[in-house]
Amino acid sequence: MKKQFYLLAVLSLFCTALPAQKLNISTPNTSLVLEAPQGGELKFLYYGNKLSASDLNDLTNSGNASFSAYPVYGMNCPSETALSVKHGDGNMSLQMEVVKSETKNEDKAVITTVHLKDKVYPFYVDVCYKAYQDVDIIETWTEIKHEEKKPVVLNQFSSAYLPIRRGNVWLSSLYGSWANEGRLAQEPLEPGMKVIKNKDGVRNSHTAHAEVMFSLDGQPRENTGSTIGAALCYTGNYKLRIDTDDSEYHHFFAGINEDNSTYNLKKSEVFRTPELALTYSDEGLSGTSRNFHRWARLHKLAHGNVERKILLNSWEGVYFDINQAGMDQMMGDIASMGGELFVMDDGWFGDKYKRNSDNSSLGDWVVDTTKLPDGIEGLLRDAKKHNIKFGIWIEPEMSNTTSELYEKHPEWILKAPQRDPVLGRGGTQVVLDLGNPAVQDFIFKIVDDLMTKYPKIDYIKWDANMAIMNHGSNYLTADNQSHMYIEFHRGFEKVCQRIREKYPDLTIQACASGGGRANYGYLPYFDEFWVSDNTDALQRIYMQWGTSYFFPAIAMASHISAAPNHQTFRTIPLKYRIDVAMSGRLGMEIQPKNMTDEEKELCKKAIADYKMIRPIVQFGDIYRLVSPYDRLGVASLMYTSEAKDKAVFYWWRTEHFVNEHLPRVKMAGLKADAVYRVRELNRIDNEPLPFEDKSFSGSYLMTNGLEIPYNHKVDYHKQNDYSSRILYLEEVTISK
Ligand code: GLA
């Protein structure tokens with residue numbers, strides 16, 4: 001290792017002797033600085049708060065080990081690398097030199113491209129940076145190509161690399177599983193390699209997430225501290241690596257997971273790696289989240305500037321028991337509570353094979369007329385009668401071996417020749433081969449047919465309930481079978497692009513056995529995602545907390561469901577279920593006809609109040625205050641409007657013991673010298689809170705906070721072991 005370090009030092013001396021061109025890639029508050037000496041190696045110099053002109057001028061890598069901005073394999077073998085290849089002649093080394101760099105302005109962004117070429121081979125890498133000018137995000141990716149005679153094998157092809165200076169650096173990342181997605185893990189970075197990866201093939205955020213945060217100055221804090229955030233924008237398998245070697249730096253790599261995905265790159269073909277979005281904030285984890293959220297709403301998420309409708313989804317209410325009268329009743333009920341949209345979930349389709357359970361019919365996207373004699377027309381008619389919009393569930397990338405589609409096109413499923421397919425959900429589910437253009441056309445047509453026949457459909461819930469269990473594509477040639485995962489996602493994106501081109505206004509939810517598709521690779525095509533199939537309000541606090549690190553509330557579908565809960569069997573009072581659901585994109589997932597009038601009334605009031613706070617929740621800035629993971633007995637967060645003249649504060653008790661001491665929660669994100677009037681929403685107590693309708697300075701609320709009663713003061717028979725509060729804050733002018 002020492003020898004390697006010496007070599008690096010010599011190399012860097014050599015580089016500084018070249019005419020070094022500094023590249024300053026900057027956003028409103030951050031700078032990423034590279035050194036791009038023509039004929040030398042592209043080097044990373046700095047990432048952090050925006051540099052002044054003089055700091056930028058004097059910034060140098062002298063005294064520090066300097067690192068390549070995109071390390072390649074072959075001339076410094078012991079180090080981890082971003083790119084490794086095998087040339088047609090068997091040579092496994094690369095030595096990339098800067099040819100030139102270019103910048104161009106795009107709407108709201110500056111794109112810097114550094115062109116690299118191998119010293120000997122006609123092998124090229126463009127390292128690209130897109131620096132947004134209205135939000136502190138820099139997206140980086142590479143474009144790899146060659147003009148060699150034979151194909152070049154890509155063994156490793158990360159999107160990006162970032163060195164992170166050691167010094168008590170902590171990693172925050174998300175892990176979980178089905179019905180327990182978005183769990184937060186926080187750990188110090190120790191020597192060795194930390195790998196976060198996905199190999200599902202279809203869904204990529206159940207067990208781990210492709211987004212991380214690095215707290216650079218000790219244990220992660222929500223509202224102070226230097227933090228780097230990174231999000232890989234990719235719909236498929238990914239791998240994030242953090243190598244802590246014997247140098248002064250942690251080495252962070254992110255990209256497509258290369259396992260079983262070696263890529264044969266043809267002459268002149270361009271291999272574009274997915275973007276890694278980077279952000280930096282010195283306002284802690286919440287500050288980093290606010291950067292991601294703003295970028296999501298302004299640039300990434302479909303319709304990030306449009307308020308989401310309050311909906312009822314039929315799944316937990318009726319499961320597969322779909323029928324005309326039942327749908328009409330649910331539409332009537334959600335409309336009477338003030339809802340704006342009804343979504344019919346699974347169970348509406350199939351002709352020869354009817355979809356009465358999860359073991360058949362995917363692919364046969366025709367209405368089951370025994371259940372719905374008036375067809376979708378009848379449902380749209382009823383939606384119009386109730387003055388709400390209508391949405392529908394599909395799972396287009398899949399089939400069942402019991403389906404007309406599979407009988408007609410057995411060659412369309414992913415599986416190896418001479419092998420029986422491993423089957424998924426219901427014992428019969430299979431995944432279609434999206435790399436095949438005929439399959440892409442078929443999937444596009446599912447949406448196109450629905451939307452052409454029924455243009456009034458407002459919303460699609462697009463599900464995906466199986467992993468790629470079988471490696472094998474009938475469409476790809478024998479020597480390109482290792483392209484299967486990558487081609488699946490290229491095909492998926494092509495379909496999404498076609499749909500968005502033709503149906504730009506359609507609302508589409510990404511669902512994948514719950515929260516399997518929470519990733520910025522999906523979000524340009526999707527308006528939101530289903531956070532989890534687990535709708536238990538208590539567990540949702542933990543899942544939504546983690547998910548909010550990277551994704552804004554507007555994208556997080558959060559529904560009020562029944563008690564006892566269908567996944568945890570926990571009985572949580574309606575007030576608490578509402579108070580949790582109202583911190584995301586509010587909806588319902590319940591059979592309203594089983595609710596009492598009093599419960600319906602509470603929901604009706606909550607929906608009316610949500611409409612008032614919707615712009616703050618969906619477009620506002622998040623400040624996480626007390627983490628459920630800190631086990632202090634309470635969790636709390638708030639959203640403030642951009643102008644900071646309005647805010648919504650959430651407080652949920654996470655455990656219930658008598659005479660327990662809970663912390664008083666200090667608010668954040670308000671204007672210190674402004675005065676805010678406080679009002680409780682969803683009140684169930686017989687008496688208003690002591691501070692109801694009173695006004696306090698932002699400074700008092702942020703340095704002291706309000707004393708929230710631990711329990712609800714309700715009639716004896718209504719008492720239970722849960723309590724929660726939502727406070728609405730509005731700036732007022734006090735006459736002196
Ligand atoms: C998945 C989804 C659920 C529901 C069912 C329908 O599990 O996550 O919300 O749509 O499929 O089969």
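A quick definition to start: a residue counts as buried under 20% relative accessible area, as exposed over 50%, and as partly exposed in between. Lys671, at 28%, is therefore partly exposed.

Keep in mind that this is a predicted model.

| Pair | N to O distance |
|---|---|
| Lys194 and Glu187 | 3.1 Å |
| Arg294 and Asp621 | 3.4 Å |
| Glu731 and Lys671 | 2.7 Å |

Let's stay with Lys671 for a moment. Its salt bridge to Glu731 has the closest N and O atoms 2.7 Å apart. The pair links distant parts of the chain, 60 residues apart: Glu731 belongs to strand S36 (residues 724-732), while Lys671 is in the loop between strand S33 (646-653) and strand S34 (675-681). Glu731 is partly exposed too, with a relative accessible area of 31%.

Next up is Arg294 with Asp621, whose closest N and O atoms are 3.4 Å apart. This pair also ties together distant parts of the chain, with Arg294 in helix H3 (residues 284-300) and Asp621 in strand S31 (residues 621-626), 327 residues apart. Is Asp621 buried or exposed? Its relative accessibility is 11%, so Asp621 counts as buried. Arg294 is partly exposed at 28%.

As for Lys194 and Glu187, Lys194 is partly exposed at 26%, and Glu187 is partly exposed at 24%.

Finally, there's a network of salt bridges that links Glu139, Glu143, Arg272, Glu275 and Lys300.

Methods: Residues numbered from 1 in each chain as written. Predicted model: local features only at pLDDT ≥ 70, side-chain atom pairs only at ≥ 80, totals over all residues. Heavy atoms only, no water. Salt bridge = Lys/Arg side-chain N within 4 Å of Asp/Glu carboxyl O. Buried < 20%, exposed > 50% of the residue type's maximum accessible area, 1.4 Å probe, protein only. Helix = DSSP H or I, 4+ residues; strand = E, 2+ residues; numbered from the N terminus.
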